[in-house]
Amino acid sequence: MHPIIIFSYKMDFSQNNLFGYIEDLQELTIIERPVRRSLKTPEEIERLTVDEELNDIERAVYLLSSGQDIQGTSVVASLPVLMRQNPAETLRRVLPKVRILNPLVSKAQLSQTLQSRLVSCKILGKLANKFEAHIIKREILPLVKSLCQDVEYEVRSCMCRQLELIAQGIGTELTKNVVLPELVELARDEGSSVRLAAFETLVNLLEMFDADDRSQTILPLVKSFCEKSFKADESILVSLSFHLGKLCNGLYGIFTPEQHLRFLEFYKKLCTLGLEQENGHNDNQVQLQTLEQEKKYISVRKNCAYNLPAMMVFVDPKNFNLDLYSTFFCLCHDPEVPVRHTMAIGFYEVAKLLNTDVYVIHKELVALLQDESLEVLDALIGYLPEILELLSTGGESGGAESKLLNFPELIPALTRAEQRAATSLKWRTHEKLLQKYACLPHVISSDQIYYRFLHRMLSIIMTNNVLPVQKAAARTLCVYLRYNRKQEQRHEVIQKLIGQLGQGKSYWNRLRFLDTCEFIIELFSKSFFCEYFFLPVLELTHDPVANVRMKLCYLLPKVKLTLKVPTDKHLLQQLELCVRKLLCEEKDKDVLSIVKKMVLELDRMETSLDAFQKRFYENDLLDQQKEREEHLLLEMEQLEKEKQQNEGRSTSMSDKIYEKKRRDSKASTTLAKNIPISVSGNASGASTSKEVKKSKLVRSQSFSSQALHSKYGNIDKCPSKSSSTGYTSVSTVGKTSVFTFADDSFRPHSSNPSGTASASTLPSSSRNASNSVDQKNNGSKESHSRKVSLKNRKSNS
């Protein structure tokens with residue numbers, strides 16, 4: 001075979017030198033001939049050829065079954081990729097074919113390339129728990145030891161990180177006898193990346209070692225690692241700070257008091273790492289070095305913020321104020337946004353651990369709410385409802401009165417946070433914050449919400465330009481209205497919704513009015529919607545803007561579901577009249593098309609009757625629950641007025657009764673069960689009516705402290721839950737349990753698009769008048785029973 005000629009002189013393609021190049025090219029053709037002769041024979045090529053139509057799994061099975069050794073080795077090397085792409089099929093079809101580990105063993109030898117040995121390490125980590133114990137002990141573990149002692153530090157580091165998977169596959173005994181000695185040796189390796197890999201693997205395997213191994217082997221290594229970390233590369237500090245919480249709690253049982261204090265002080269030192277450094281050098285290289293160090297220091301403090309809840313467990317939350325509060329304060333006021341962002345994410349975990357001592361961190365909550373970075377605010381509001389509930393109850397599970405009155409700076413901080421989010425370009429943060437603010441009726445008073453938040457929501461609906469933000473504000477406003485306890489304030493808000501939105505000059509406001517009505521249908525009772533919003537909604541059938549009429553058409557099926565016949569027969573007639581006008585007079589072809597579709601849907605719908613029917617049983621129970629809660633709000637308002645009238649006098653019997661009922665509010669759950677669920681409940685004697693009235697009054701007190709459940713990830717997903725102050729009424733329909741709890745009123749029910757709970761007033765006289773006329777004309781037994789029941793209930797109240 002001729003050697004390849006390398007042209008060291010400058011190429012010249014002139015006519016004089018052209019023939020010389022041709023001769024050189026001929027030499028290259030001579031060189032190629034022997035190579036061609038050395039290619040595989042047609043038979044060998046046929047054996048190495050695989051059908052192109054096979055997928056990756058089928059190709060791997062074929063090569064392992066009938067392929068060459070080199071092809072089998074290729075399949076073994078690709079196992080990690082196959083596991084990521086299709087783990088189920090790889091485990092079921094490919095791995096059973098990997099019976100000869102010889103290709104893997106051969107590729108892990110020192111004579112193979114570095115890349116080949118690295119691939120072998122990763123394959124061993126995946127295969128360690130796929131073979132029988134005797135195969136692992138005889139063939140895999142010797143290979144693991146060999147790779148742990150490889151001459152290249154990249155291989156030792158890679159194999160060290162696979163030891164965690166291998167330990168999980170071989171069990172505790174072999175891990176103690178084989179893996180632990182290798183980790184001890186690797187922890188003293190000359191390569192920093194190897195030592196780091198050994199340390200992280202030791203931390204992740206702490207649970208597999210007994211107390212003797214931890215105290216005699218692991219603890220000395222960890223102590224040495226921590227002592228040398230400040231002198232070594234800062235990347236080791238980054239890893240150490242990330243695993244420190246897990247490490248301290250994993251070794252907690254074997255620490256002496258002195259060692260316990262030493263690790264706590266080490267954590268505190270890491271929390272302020274880099275803050276005391278001063279950069280005054282002029283040399284460019286030193287400045288670049290310092291900037292790189294500063295980034296690592298920020299990562300260390302961020303990891304410390306992440307580990308703060310774990311360190312609270314380490315020192316016991318009872319000792320937080322003495323041992324960790326100063327550190328907590330520093331991390332919440334850290335000059336770097338990533339550190340404060342991490343603190344905001346973990347703030348709820350800290351609050352939960354503090355429990356009754358949660359009040360000690362309320363100033364830090366105010367500081368994070370007013371943080372200059374919206375990223376910090378966005379991270380904090382994720383669990384803001386839960387945090388505010390803990391603060392309002394002082395960590396107590398009972399329904400204590402709100403304690404947020406002790407933190408007067410908190411409400412201004414909440415309002416400023418909303419204003420900052422509104423003026424930013426991050427509308428998703430603003431939308432998220434408005435959604436979370438729906439929790440406020442549970443933690444602050446109705447008057448505070450009315451004067452500080454409710455009108456702000458109405459302003460956002462009318463002035464903001466982002467549709468999701470407007471809808472979030474509309475829903476939160478409906479929640480505020482739902483739990484407002486003063487009839488005068490409720491009427492004022494309702495008039496503004498109808499006048500400024502429903503009858504607003506801008507068609508955009510009228511569209512938002514329809515969105516708001518949809519939320520009202522969801523949150524309030526049918527009677528509340530029919531009394532205040534049914535006719536204003538129908539008036540929009542004459543709206544001059546086609547988009548408004550189109551949106552109204554989509555809402556009509558939900559509107560019809562709020563009607564009950566014969567009570568709302570006149571409203572049903574108004575609805576039918578408006579639909580006929582749309583069919584006859586609508587000129588916009590798109591709106592007309594939607595009207596025709598809605599007419600078909602409306603014809604298929606059945607309105608619920610005043611008397612119970614099986615198909616409406618569950619929805620009627622829910623709606624009755626909403627109506628009862630609406631009446632409770634009125635009762636609360638009346639009780640508060642009576643109490644205010646008696647405040648100027650000496651303590652009277654009514655005051656004592658009022659206070660006694662407040663103290664007895666924890667018994668409301670039991671008393672609530674005595675209240676009949678159905679409207680057609682039979683009348684009872686004088687003693688029974690007194691008991692019902694008494695239970696109503698007690699429930700009205702308990703309802704003031706009940707608004708939303710503590711699970712506020714999404715207000716629509718609040719699960720119902722019995723508490724000592726809320727009242728629960730549970731009924732079972734077939735196999736379905738219906739939980740009619742005030743909190744559950746925030747959950748939309750698929751079987752009833754008309755939705756959930758409400759803060760209504762008593763039905764108006766016109767509505768009662770029409771009701772009586774319809775009942776008189778109807779003459780049915782069901783309507784007569786309802787009429788008698790309503791009279792009894794009014795007399796009882």
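Hi everyone. Phe528 and Phe533 are both buried, and that is where I'd like to start. One thing to keep in mind is that we are looking at a predicted model.

Let's stay with aromatic rings for a moment. How many aromatic pairs does the count come to? The total is 18 aromatic pairs. Let me show you one of them. Phe255 and Phe314 pair edge-to-face, with 80 degrees between the planes and 6.0 Å from centre to centre. This pair links distant parts of the chain, 59 residues apart. Phe255 is in the loop between α14 (234–250) and α15 (257–271), while Phe314 belongs to helix α16, residues 284–315. Is Phe314 buried or exposed? Its relative accessibility is 1%, so Phe314 counts as buried. Phe255 has a relative accessible area of 11%, so this residue is buried too.

Now back to our opening residues. Phe528 and Phe533 form a tilted pair, 6.2 Å centre to centre and with 40 degrees between the planes. They also belong to a cluster linked by ring pairs, together with Phe513, Phe524, Phe529, Tyr532 and Phe534.

Arg512 lies over the face of Trp508, 4.7 Å from the ring centre. The charged end of Arg482 sits over the ring of Tyr483, at 4.5 Å from its centre.

My last stop is Thr356, in the loop between α20 (347–354) and α21 (362–369). Thr356 has a relative accessible area of 43%, so we call this residue partly exposed. From Thr356 to Thr393 is 37 residues in sequence, and their C-alpha atoms are 8.5 Å apart in space.

Methods:
Residues numbered from 1 in each chain as written. Predicted model: local features only at pLDDT ≥ 70, side-chain atom pairs only at ≥ 80, totals over all residues. Heavy atoms only, no water. Helix = DSSP H or I, 4+ residues; strand = E, 2+ residues; numbered from the N terminus. Buried < 20%, exposed > 50% of the residue type's maximum accessible area, 1.4 Å probe, protein only. Phe/Tyr/Trp six-rings, centres within 6.5 Å; stacked < 30°, edge-to-face > 60°. Lys NZ or Arg CZ within 6 Å of the ring centre and 35° of its normal.
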